[in-house]
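Here are my notes for a colleague opening this entry for the first time. Please keep the viewer open while reading.

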Amino acid sequence: MVTRHTYASVDELRDYLVGTSYASGWTSDAAILRRIVESATQSIDQHVGMQSFGPRTETRSYDIGTGSLRDSHQTFQRSMSGTIVNPIDSLRQAIPLGAWLISTTTVTSYKQTARTESETLAEGYGNDYLLEPYNTSPKQVLKLNEDTTKGFYGGQQTFTILGQWGYSNETESVTTLDGALNSSATSFDVASASGLSVAQTILVDTEQMYITAISSNTLTVEREVNGTTAASHLTAAGVSKYLYAYGVAQACLDLGKLKFRDRDQGATDILGSGTEGVTRANESMKSVLKTLDPYRMTATYESVVF
């Protein structure tokens, strides 16, 4: 799967570097600026635990730990004095997802590692599972409904979730297709490209595309990115661009600015010493990334859940 979400566009970085609209002046270096905002986005994703703030469709698998998969992560009975009496071979009724989940499509519980038997779980009260936190998004825990007859089964990759993963799924309508689009074309016209920029991810019907170049009203894109499927689209189909959390978008611009201005300054963190010392961009980048600490997660979906 090709993941393509960049939290600031080339046009936004140009404006941020110049301080005013670049329209009458700087219109070159799109390829260089695109690499910079992509690099800034990669730094952000790595900092928060290899998560993406934009939506992608994929299947994630989980091991359920019983039998040979059990290790020191056991649950123990304790006496009133706190002494360990004996281990309990039990399963949690909730799974930490290890990633931001926007919505589920298919949740499957396999009855053994061989995956020859399975059952599909449905979300909601009166069904099989609930997603937490209840009142906010994204979701980070899947919990079995206490009344369900379905459950988790021990083994490797015995629980899978096909869904839309990411921090948010917010879009803004920008324009429409100026002509029909087949499932393989990588360049096409839109009614107006004035609200679009290189390094933006767009949505046409259910397919996500990533803009790599713009000439007048003609877009050049990567098709079927972020786990979506290439499809044919009708004339006048809506074109929307993805939006990201304000703090994340600002961090991408700040990192992009630092990366752009730091290209020729060498590799040391401090230039000079004492009162004459100048902190290099590496230290400033750490400060920018620290503002994203509230978003940080530890990926657990490749671990065993007990």
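**Notes on the structure**

1. Leaving aside neighbours within four places in sequence, Ser 240 is in contact (heavy atoms within 4.5 Å) with Thr 171, Glu 172, Ser 173, Val 174, Thr 201, Ile 202 and Leu 203. Ser 240 belongs to strand β14, residues 238-243. Helices (H or I, at least four residues) and strands (E, at least two) are DSSP runs, numbered from the N terminus. Ser 240 counts as buried, at 15% relative accessibility. Buried means under 20% relative accessible area, exposed over 50%, and partly exposed in between, with a 1.4 Å probe and protein chains only.

2. A word on the source. This is a predicted model, in which local features need pLDDT of at least 70 and side-chain atom pairs count only at pLDDT 80 or more, while totals for chains, interfaces and linings use all residues. Residues are numbered from 1 along each chain as its sequence is written, and side-chain values use heavy atoms, with hydrogens and water left out.

3. Now the whole chain. The secondary structure comes to four helices and 17 strands. Of the 306 residues, 41% count as buried. Among contacts with a separation of 6 or more, 69% come from residues 24 or more positions apart. The chain exposes about 15,700 Å², and carbon and sulfur atoms supply 48% of it. Accessible areas come from the Shrake-Rupley method with a 1.4 Å probe; for residues, only the protein chains shown count as cover.

4. Look at the aromatic rings. Rings of Phe, Tyr and Trp (its six-membered ring) pair if their centres lie within 6.5 Å; planes under 30 degrees apart count as stacked, over 60 as edge-to-face and the rest as tilted. The count by this rule is nine aromatic pairs. Trp 100 lies in strand β4 (residues 94-110) and Tyr 167 in the loop between β8 (155-165) and β9 (170-176), so the pair ties together parts that are 67 residues apart in sequence. Trp 100 is buried, at 3% relative accessible area. Tyr 167 is partly exposed, at 25%.

5. Which residue lies over the face of Tyr 110? Arg 115 does, at 4.0 Å from the ring centre. A charge sits over a ring if NZ of Lys or CZ of Arg is within 6 Å of the ring centre and within 35 degrees of the ring normal. Lys 257 has its charged end over the ring of Tyr 16, 5.4 Å from the centre.

6. Check the backbone too. Most residues other than glycine have a negative phi, and most peptide bonds are trans. Arg 115, in the loop between β4 and β5 (118-121), has a positive phi of about 60 degrees. Gln 157, in strand β8, has a positive phi near 55 degrees. Both are partly exposed: Arg 115 at 33%, Gln 157 at 43%. A cis peptide bond joins Glu 132 and Pro 133, with omega about 0 degrees. Another cis bond joins Ser 137 and Pro 138, with omega about 5 degrees. Pro 133 is in the loop between β6 (129-132) and β7, and Pro 138 lies in the loop between β6 and β7.
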